[in-house]
Amino acid sequence: MSDRPNNDGAVLEFRNVTKYYGEFKAVDDVSFSLTPGSVCGFLGPNGAGKTTSIRMTLEIIRPTSGTITVLGRPSALEVRRRIGYLPEEKGLYKKMKAWAIIAYFATLKGMTRKAAKQRAYELLERYGLKDFSDKPTDALSKGMGQKVQVLASIAHDPEFVILDEPFSGLDPVNQQVMEDIIRDMTSRNRTVLFSTHVMQHAERLCNRIIVIARGRKIFDGLIADAKRMLPRRVRIETNDDVSPLRQLSEVVSMARIESPGMPQWELQIRDNVDAQGILEICFDRRIRLHSFNQAEPSLHDVFMQLVGSDAKEARFR
Amino acid sequence: MRYAFLVAWREYSESAKTRGFWIGLFMVPAMILISIQVQLWLAKSGTPTRHFFLVDQSQRLEPAIDSALDKNRQRQLLAALVDYTRKNLLHQDALSTLVSSAPLAQLDPGSVELLETFIGKGGRDFFLKQVKPYLRPDAPPFVEPRPAFERVKLPPEIKTDKSIGELAADLKPYLRGDRRLEAGNNLVEIDAAILIPKDVENLIVRPGGGGPVFGTNGIQYWSANLTDAGTGLRDEVEKAVSGEIRQREFLRRGLDSAAVRDVERSFVPILSLNPKKEAGQEAVNTTDIVKQYAPIGFVYLLWISIFSIMQMLLNNIIEEKSSRIIEVLLSSVTPGELMIGKLCGIAAIGLTMVGAWIVTTFVILGWQSGNSSELAGQVLAILKTTRLVPVFSVYFILGYLLYAGLILSLGSVCNTLKEAQSYMAVLNMVMMVPLLTMMFIPRHPNGPLARVLSWIPIYTPFTMMNRANADPPMVDVVGTMILLVICTAGTLWMAGKIFRIGILRSGQPPKIVEMLRWLKG
């Protein structure tokens with residue numbers, strides 16, 4: 001546990017990191033850095049190199065080339081007490097009691113045994129698992145087990161938390177709990193890096209995303225910037241003929257959206273065009289609108305745009 | 001190092017909570033206690049009395065057989081009395097006073113003189129009267145052992161003047177257990193029938209020919225119980241009959257049978273001496289024999305303990321690997337710390353188990369040797385005077401580390417227990433060798449088999465343990481130890497390399513070539 005402020009700049013810095021597994025290039029010349037207190041989503045299709053990057057961050061494996069600096073140190077093991085980690089594939093010792101697992105991992109992070117035990121009970125109570133504290137973990141449901149594991153990874157109150165797919169396998173209620181845990185950490189100026197497939201979570205939680213595909217970084221920046229990469233869209237709902245709109249120079253393309261009820265249309269418009277202009281044109285052409293939406297592209301759309309082709313041919317490692 | 005200790009402590013405390021650990025802890029002492037008790041019980045209850053028929057149509061051998069069996073009974077009584085006396089002596093010095101007192105000469109049940117005095121002076125009552133002053137006042141009364149053999153009268157409906165064949169046919173229902181017979185107050189089963197034909201004189205086999213072809217005709221011994229044939233009644237009868245026949249041969253040839261008997265009893269004792277023992281104490285006694293075989297127990301203990309903690313270690317690694325806990329661990333500790341922690345934690349479990357076994361063995365042996373088990377006393381004395389326990393500890397630790405290195409490598413490259421078991425089968429087979437050879441090695445503790453196996457590091461701990469009480473040559477002791485230490489260190493180094501890479505791998509176990517590359521990397 002350390003509450004001292006981090007003054008040495010980036011929490012995590014990748015500089016030209018490359019990792020080969022045999023002939024296979026899992027990570028290809030990736031560079032980025034994380035500032036303290038940020039929440040960063042680490043996105044990418046299966047096999048993109050997310051887990052490999054995370055493992056290299058933790059020094060579980062070493063990069064083939066390039067350097068990684070964690071909390072200002074070249075080796076994550078030097079600062080392991082200040083890092084928390086939830087791996088992608090979750091598992092617990094089956095016969096160990098919930099509190100004992102949390103306490104064990106906390107002691108491995110430098111807490112005293114007494115403090116770790118106290119903290120374990122505290123966390124279990126706070127996150128609704130009080131009654132299961134003394135149960136062996138094979139008596140817990142999958143979701144509960146996963147919660148225990150999340151708690152184990154943050155029990156020592158780390159400055160920097162790496163969560164690999166923290167939402168997978170959780171029901172909506174527990175997904176919300178997970179989001180709360182992350183928000184709680186960021187509110188206390190902790191840095192969080194998490195990988196996910198579910199864009200909604202990233203959209204709600206992150207101010208910044210890094211997208212990698214096939215081992216290469218393809219986007220790194222604010223979500224708003226990512227969205228700006230996509231053409232702007234307008235969504236209208238009407239029974240009238242919309243073909244006149246197709247002719248407009250402001251409209252790049254138009255497509256009908258499959259939906260029940262009244263026909264819906266999505267128009268991609270040029271960046272320099274005001275969406276209000278489209279509304280005025282509709283009035284002029286006597287197209288009676290049932291609804292009009294300036295649809296902001298979702299992160300999902302951004303993701304599909306960025307890695308769609310890669311994701312389809314993503315291979316299993 | 002603190003982290004390695006934390007890992008070790010978790011391994012230890014979690015394993016100590018398992019049921020298997022506690023069963024293992026109590027299994028060995030329970031086995032020892034049970035085997036001693038069974039031995040005592042067998043000795044106490046003895047073999048049951050064998051009931052038999054005797055029909056002597058020649059009417060010439062019956063008295064000889066009866067008297068021989070009676071003498072056998074007296075010998076049995078004497079042995080029981082001597083045993084009783086030794087156990088209930090007033091104090092140890094009483095024995096020498098008693099022994100020096102005339103009629104009992106030595107208190108050796110094997111002594112012919114003592115037996116003759118015993119029978120001549122009136123047997124049991126005489127003996128008890130003689131020893132009474134030397135016994136503790138609270139000594140329990142003497143309980144006669146059950147007779148080994150008891151002759152039963154033929155049922156009245158059996159006529160003895162038939163031919164041997166017909167007689168045998170009449171007796172078969174009794175011998176097969178279909179019919180029982182009253183003897184004393186009990187219904188008893190008949191174990192055997194001895195049928196002596198009328199013309200037994202013509203059946204005598206003599207050197208230089210004469211008599212029937214051996215094995216075709218003679219006295220018939222009928223019994224459904226084949227295991228009795230070698231040890232019990234048949235031997236007694238054969239001895240008695242031969243003695244009687246020879247007696248008559250002496251008479252026929254005009255020899256003095258008493259002189260012949262005395263001649264036959266003359267002998268020069270042969271002493272077994274061991275040149276490796278201290279001067280003046282070279283005599284080999286039963287303790288020496290037990291001592292030579294005592295290491296077998298330790299080899300077995302070594303094998304069982306290494307074998308069972310190997311399984312523990314394998315399960316443990318596979319659990320962490322298959323549930324991917326390993327990743328969290330490796331974000332907190334280095335693979336080296338994890339491996340050392342595991343090795344130490346599981347070694348501590350093994351040591352606790354073995355330590356408990358050894359301590360309880362001492363306790364049980366001490367208790368049982370005070371409690372009339374002679375073997376327990378001897379074993380205890382050997383354990384106290386030899387280096388077996390320290391030698392065991394050294395070979396346990398080295399053997400454990402060597403095998404643990406192999407298991408760590410194996411466990412780290414397999415994803416499931418099932419996958420690992422198929423490789424374990426090979427290791428198990430290799431590990432069977434010491435178990436198969438442990439009974440033979442004490443016979444030739446410094447023979448070629450023992451020496452060759454000693455120089456194969458995976459067998460060194462077991463084989464050298466096996467030879468521990470036979471003073472193996474120094475070159476074997478030191479040489480194999482050096483080889484074992486080097487080999488263990490090498491295996492652990494290799495395990496460290498393979499563990500680091502293998503533990504994070506998923507998918508198919510790697511090929512040997514690939515693993516060799518890891519070693520270089």
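**Entry 1: chain A overall**

I began with chain A and counted 10 helices and 13 strands in it; I keep in mind throughout that this is a predicted model. I then looked up its extent, and the C-alpha trace of chain A spans about 75 × 45 × 40 Å along its principal axes. Of the 317 residues in chain A, 39% are buried. I also checked the contacts in chain A with a separation of 6 or more, and 69% of them join residues 24 or more positions apart.

**Entry 2: the six-stranded sheet of chain A**

Next I traced an open sheet of six strands in chain A, whose order is 5-6-7-3-8-9 and whose pairing is mixed. I noted strand 5 (83-86) and strand 9 (216-222) of chain A as the edge strands, since each of them pairs on one side only. The twist from one strand to the next averages 15°.

Within the sheet I followed strand 3 (residues 39-43) and strand 8 (residues 208-213) of chain A, which pair in the parallel sense over four bridges. Here I found A:Leu43 opposite A:Val211 of strand 8.

I then asked which helices accompany these strands. Helix 1 (residues 50-57) of chain A lies across strand 3, strand 6 (160-164), strand 7 (191-196) and strand 8, and it runs at about 150° to strand 6 of chain A. Helix 5 (residues 172-187) of chain A packs on the sheet and touches strand 3, strand 6 and strand 7, its direction making about 150° with that of strand 7 of chain A.

I looked up helix 11 (residues 286-322) and helix 16 (residues 417-437) of chain B, which pack at an angle of about 170° with their axes 12 Å apart. Because angles over 145 degrees count as roughly antiparallel, I describe helix 11 of chain B as roughly antiparallel to helix 16 of chain B. Among the residues making this contact I listed B:Trp303 and B:Phe307 of helix 11, and B:Met424 and B:Met431 of helix 16. The contact residues divide into 11 nonpolar, one polar and no charged.

**Entry 3: where the chains meet**

Finally I examined the contact between the chains, where 15 residues of chain B meet 20 residues of chain A. On the chain B side, the elements that give two or more residues are helix 1 (2-16) and helix 12 (325-332), and helix 12 of chain B gives the most, with six residues. I classed the residues of this side of chain B as seven nonpolar, four polar and four charged.

How values were computed
Residues numbered from 1 in each chain as written. Chains lettered and ligands numbered in written order. Predicted model: local features only at pLDDT ≥ 70, side-chain atom pairs only at ≥ 80, totals over all residues. Contact = placed C-beta atoms within 7 Å. Nonpolar A, V, L, I, M, F, W, Y, C, P; charged D, E, K, R; others polar. Buried ≥ 20, exposed ≤ 12 C-beta atoms within 10 Å, placed from the backbone. Axes fitted to C-alpha atoms, helices over the stretch in contact; angles between N-to-C directions. Parallel < 35°, antiparallel > 145°, perpendicular 65-115°, else oblique. Pairing = 2+ DSSP bridges.
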